[in-house]
Number of protein chains: 2
Amino acid sequence: MLLEQIQSPADVKKLSRAELQTLVDECRQALLQKLEAHGGHNGPNLGVVEMTVALHYVFDSPRDNLIWDVSHQSYVHKMLTGRQQAFTDPAHYDDVSGYTNPHESEHDYFSIGHTSTSLSLASGFIKAREVLHKSGNIIAVIGDGSLSGGMAYEGLNTIADENQNAIVIVNDNENSIAPNPHGGLYTALRTLRESNGQASDNLFKALGYEYHYLEAGNDLEQLIDLFETVKDTDRPVLLHVHTEKGHGYEPAVANHEKFHAGGPIDLKAGLYYADEQPHAATYSDFMQKYLFDKMQADEAIVTVSSGTPQIIFTPAQRQQLGSHFIDVGIAEEEAVAMTSAMAKYGAKPVYPVFATFLQRTFDQVAHDLALNNNPATFLVYLAGVYGMNDESHLGLFDVQFLSHIPNMVYLAPTNQEELQAMSDWAIDQTDHPVAIRVPATELISTGVADDTDYSQLNRNQVVHQGSQVAIFGVGEMLTRAQAVAAELAKAGIDATVINPRYLTGLDEALLADLPTKHQVVVTLEDGFVEGGYGQMVASALGTADVKVKNYGLTKEFHDRYDAEGLLTQNGMAVEQIVNDIKELMNN
Amino acid sequence: MLLEQIQSPADVKKLSRAELQTLVDECRQALLQKLEAHGGHNGPNLGVVEMTVALHYVFDSPRDNLIWDVSHQSYVHKMLTGRQQAFTDPAHYDDVSGYTNPHESEHDYFSIGHTSTSLSLASGFIKAREVLHKSGNIIAVIGDGSLSGGMAYEGLNTIADENQNAIVIVNDNENSIAPNPHGGLYTALRTLRESNGQASDNLFKALGYEYHYLEAGNDLEQLIDLFETVKDTDRPVLLHVHTEKGHGYEPAVANHEKFHAGGPIDLKAGLYYADEQPHAATYSDFMQKYLFDKMQADEAIVTVSSGTPQIIFTPAQRQQLGSHFIDVGIAEEEAVAMTSAMAKYGAKPVYPVFATFLQRTFDQVAHDLALNNNPATFLVYLAGVYGMNDESHLGLFDVQFLSHIPNMVYLAPTNQEELQAMSDWAIDQTDHPVAIRVPATELISTGVADDTDYSQLNRNQVVHQGSQVAIFGVGEMLTRAQAVAAELAKAGIDATVINPRYLTGLDEALLADLPTKHQVVVTLEDGFVEGGYGQMVASALGTADVKVKNYGLTKEFHDRYDAEGLLTQNGMAVEQIVNDIKELMNN
């Protein structure tokens with residue numbers, strides 16, 4: 001196997017053109033085998049096998065710098081830069097992350113995972129190369145939906161005006177995660193594809209790029225020729241390369257959205273193994289049905305997505321919703337400001353979004369939405385320790401970036417009925433922007449409708465009234481608070497358990513009363529403790545005669561962690577908390 | 001005076017063409033008189049007088065919706081929508097804010113002040129108009145540097161693909177606050193201007209817009225004709241209108257950057273009155289000289305600006321710095337990721353930025369910079385209560401959005417020598433991304449060089465060691481902490497005073513020792529108390545036998561406040577704090 005002999009890009013350069021094609025085939029085969037066992041970003045990597053081999057054949061990494069946007073498509077790059085074992089030997093599959101990682105290789109420059117940043121990063125390399133009098137090609141690979149992000153345009157803008165070597169590769173696979181993306185950029189790309197790069201109004205030429213189009217973006221020979229043409233250029237060039245997402249694996253070609261990411265894959269069946277098994281009901285399942293039904297009954301509701309429509313609706317549902325569903329592509333800032341304006345105009349916008357991507361809109365939430373106090377609804381998915389566990393996609397600081405913005409109401413439901421009641425209130429009210437933290441754990445249903453009036457802000461739910469000890473359980477940590485209380489009960493301590501529900505304000509009356517019956521207050525949350533909910537409680541009780549202990553995670557980019565393990569590391573196993581409380585009560 | 005009879009846009013429509021020109025002249029005259037007395041966004045408003053009169057003559061606000069980007073150029077719009085008195089009667093100058101404001105008028109839809117958001121807001125109006133079956137033109141006015149922001153491109157993208165009425169007006173005044181802006185977009189605009197809109201590669205046509213160019217953007221008649229042509233269009237059109245920034249006031253035309261904003265203006269002299277008077281030394285003055293000198297000695301340093309170069313250097317200094325200074329235009333995300341990459345490559349990037357604009361880069365700080373732990377240096381201007389005091393430009397939540405990001409080091413100097421020592425350390429070290437909160441108050445110099453080793457993170461400075469009471473004074477609040485201590489001393493209480501210096505972590509050893517000698521700990525900070533520095537202290541001391549009281553501001557969009565008044569409202573006058581402390585000591 002050729003691939004197993006590739007220790008560095010130098011080994012790629014030694015191969016004949018025929019051997020290079022064999023290497024392409026072996027890389028794709030290794031990729032499929034790992035995806036079958038492991039899953040990952042399937043379509044994006046399958047689509048750039050030829051491009052990656054050609055890049056490493058023509059350019060000289062790391063003298064030449066390859067910067068991969070998102071870096072979710074860097075698997076083949078890893079194979080060719082000393083990490084093939086992580087793709088050819090199942091025992092080593094977990095040796096590498098799913099993104100570029102400077103700790104793994106000198107060929108990787110950034111730990112990243114959000115889209116649209118590669119051009120800005122490349123612009124920094126270009127400027128530093130200039131002032132430090134260095135040389136080498138600087139190449140950024142962007143596409144697969146990333147080019148719709150505003151930051152990509154800022155980077156395009158900056159690079160275009162540097163009169164020096166810069167190679168931007170637009171990997172145009174016709175997708176923005178979901179196919180048929182909305183937006184003027186996709187019009188421009190399509191027009192260029194359909195004219196073989198000859199369209200009269202060329203966006204990239206307008207910005208100042210030397211522009212090259214390659215229709216056959218999965219043809220190794222043509223890629224090599226193109227890259228050799230522009231190697232060592234002295235100006236900004238843009239290569240518009242038309243690739244096929246999922247190339248070489250028919251089910252992934254036939255269904256770009258489904259096979260964008262996920263797995264493990266049953267390769268023969270063309271399905272994810274998970275599809276073939278029943279799964280426990282989730283809050284996502286519930287919200288999918290709930291929101292679709294609610295939209296049928298109220299045409300003022302519009303659901304907005306920023307390139308991740310699969311969070312909330314199936315392709316069939318989206319089609320049925322017509323103009324009431326809009327996917328703006330990967331453009332989170334656009335999505336947030338758009339919801340603010342829709343709400344101002346009188347519509348009822350709902351924006352389902354992963355917590356890690358919502359952080360891209362801090363200013364839009366603060367300035368365009370919250371300052372204007374417009375009643376948009378956000379559904380925040382995968383926040384907290386049970387969300388995504390890669391360091392580039394953490395949901396561990398949603399409270400930090402969302403809760404301290406004035407006018408925002410951030411709600412943390414703890415069961416299906418609360419989620420439904422909060423959503424009904426949020427969507428129909430007209431007083432506040434509201435975000436709802438949709439739990440990432442298995443669905444809990446009480447079977448009893450929640451008739452709370454959520455317009456009475458910041459009222460906590462006392463789940464159990466006890467004394468001596470009070471335990472706040474934020475969102476998914478409520479069950480842990482209850483487990484702690486159950487253990488304490490065995491020791492004769494009847495602890496109060498509180499579901500705060502609101503993460504943007506405190507229940508002042510409840511807090512004022514707490515010290516009269518309790519000597520210890522603990523708060524449990526599954527994000528960073530610093531800047532989180534618990535510290536608000538500690539501050540409010542700072543002058544009261546009560547001990548307060550805040551539990552949460554250390555402020556770090558925790559990486560590929562096991563949720564229960566991380567909680568235990570942070571002293572949040574039930575037994576640890578129980579012991580702490582007993583000790584605090586004895587001091 | 002015609003202007004004084006304008007009670008609403010309906011009154012504008014009644015005027016003859018000759019009267020409209022008179023109205024233009026009166027508006028500009030009123031504008032100049034107010035700018036002389038009051039200052040504001042000078043050049044931007046002078047440049048759009050004709051456009052604004054034409055818009056209100058042709059369109060029917062508020063049936064037709066005018067959305068102004070940034071809305072710093074909305075003064076004439078305010079004159080024509082029932083608020084002329086705020087421009088014609090000095091006693092009413094303060095009746096209106098400097099931005100659009102829905103609390104003032106039904107013709108204003110958003111309280112805003114950051115750039116590049118109008119197109120996204122317009123896209124929301126467009127979608128809401130569609131689903132609610134409403135009608136009316138939706139018009140967004142963007143330019144004056146705003147079009148370089150990535151969010152503007154996201155909005156352009158979305159609107160382009162809506163097959164319905166949308167009118168985007170690009171107010172092209174050749175500027176990005178500073179003249180001669182960098183970037184491909186400005187290449188594209190210049191090429192279009194120079195070809196009278198006929199250039200072969202048209203960025204806007206490529207995205208799908210019907211495009212119109214108007215060279216004479218300060219010609220009332222031509223503006224009216226153009227707007228009448230596109231009124232009630234059924235598709236997205238883009239009007240590229242070439243205006244002159246500062247039109248009608250020669251000094252503002254001659255010096256776009258200086259007269260972008262500021263004042264009051266000595267109209268005759270063509271200077272700001274402030275220029276004619278000596279001013280007390282500021283930290284900004286110090287940093288200007290310090291950084292320029294340091295850059296002369298170290299060619300690895302690169303200073304990056306995102307459209308606000310005047311924060312740090314004069315035009316002459318920038319020219320002298322050559323390639324070591326880059327203004328990427330209004331594109332904060334680009335600036336931050338660029339600094340991360342420059343630092344990774346081995347250069348020493350410095351990014352001076354206003355706190356209110358740094359909030360636009362939460363994700364870039366977290367994901368592109370801090371996750372990669374690259375040693376870029378940010379100089380954060382106008383954070384805290386002494387910064388900008390408009391609700392759209394607050395610097396009151398910098399700790400909230402910056403301090404809780406892992407790996408970041410956020411420093412709050414309290415005098416010139418600390419600022420210098422912190423800056424020297426930050427720029428030359430290679431371990432962390434560092435932000436420095438440059439004080440907005442008058443310069444304090446101790447006269448003694450600060451030889452602290454800032455690589456020893458999170459060590460607080462004990463300014464005075466006392467007992468019973470410990471007072472933390474964050475940054476500019478240190479002088480207040482000292483004033484409180486002085487008052488307490490009169491009552492025989494010898495309070496400890498602490499300068500935390502680091503806002504991204506606690507001095508654990510100091511905190512562990514505090515309760516042994518103190519019964520009351522107070523923290524003073526000049527931003528929101530919720531999610532701030534003090535709450536970290538309260539949490540750390542939550543189980544200790546000590547009372548902790550956190551002082552800071554309520555979480556609100558405080559608007560056009562007086563700093564001392566706001567501090568007093570929040571119980572932070574020295575006397576209030578002293579009384580609180582005495583009371584706490586007696587309980």
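In what order do the five strands of the open sheet in chain B come? I read the order as β16-β18-β17-β19-β20 (chain B), with mixed pairing.

Before going on, I noted that this is a predicted model, where local features need pLDDT of at least 70, side-chain atom pairs count only at pLDDT 80 or more, and totals for chains, interfaces and linings use all residues. Residues are numbered from 1 along each chain as its sequence is written, chains are lettered from A in the order in which they are written, and side-chain values use heavy atoms, with hydrogens and water left out.

**Entry: the sheet.** For my own reference, strands (E, at least two residues) and helices (H or I, at least four) are DSSP runs numbered from the N terminus, and two strands pair if DSSP finds at least two bridges between them. I found β16 (461-464) and β20 (547-553) of chain B at the edges, each pairing on one side only. Neighbouring strands here are turned by 25° against each other on average, direction ignored; axes are lines fitted to C-alpha atoms, for helices over the stretch in contact, and angles run from 0 to 180 degrees between N-to-C directions.

I then followed β16(B) to β18 (residues 496-499) of chain B: three bridges join them, and they run antiparallel. His464(B) stands opposite Val497(B) in β18(B).

I also looked at what lies across the sheet. Helix α21 (residues 508-517) of chain B lies across β16, β17 (468-473), β18 and β19 (518-528) of chain B, at about 130° to β19(B).

**Entry: where the chains meet.** I counted contact as heavy atoms within 4.5 Å. Chain B brings 111 residues to the contact and chain A 111 residues. About 9300 Å² is buried between them, 60% of it from carbon and sulfur atoms; this is the accessible area (1.4 Å probe) that two parts lose on being put together, summed over both. Tyr153(B), Tyr345(B) and Phe557(B) supply 9% of the area that chain B buries against chain A, more than any other three residues.

**Entry: salt bridges.** My rule was a side-chain nitrogen of Lys or Arg within 4 Å of a carboxyl oxygen of Asp or Glu. How many does it find across the interface of chain B and chain A? I got two. Arg360(A) and Asp363(B) meet in a salt bridge at 2.8 Å, N to O.

Over all chains, the search finds 64 salt bridges. I checked Asp60(A) with Lys13(A), at 3.2 Å, N to O. This pair links distant parts of the chain, 47 residues apart: Asp60(A) sits in the loop between α4 (49-58) and β1 (65-68) of chain A, and Lys13(A) in helix α1 (residues 9-13) of chain A.
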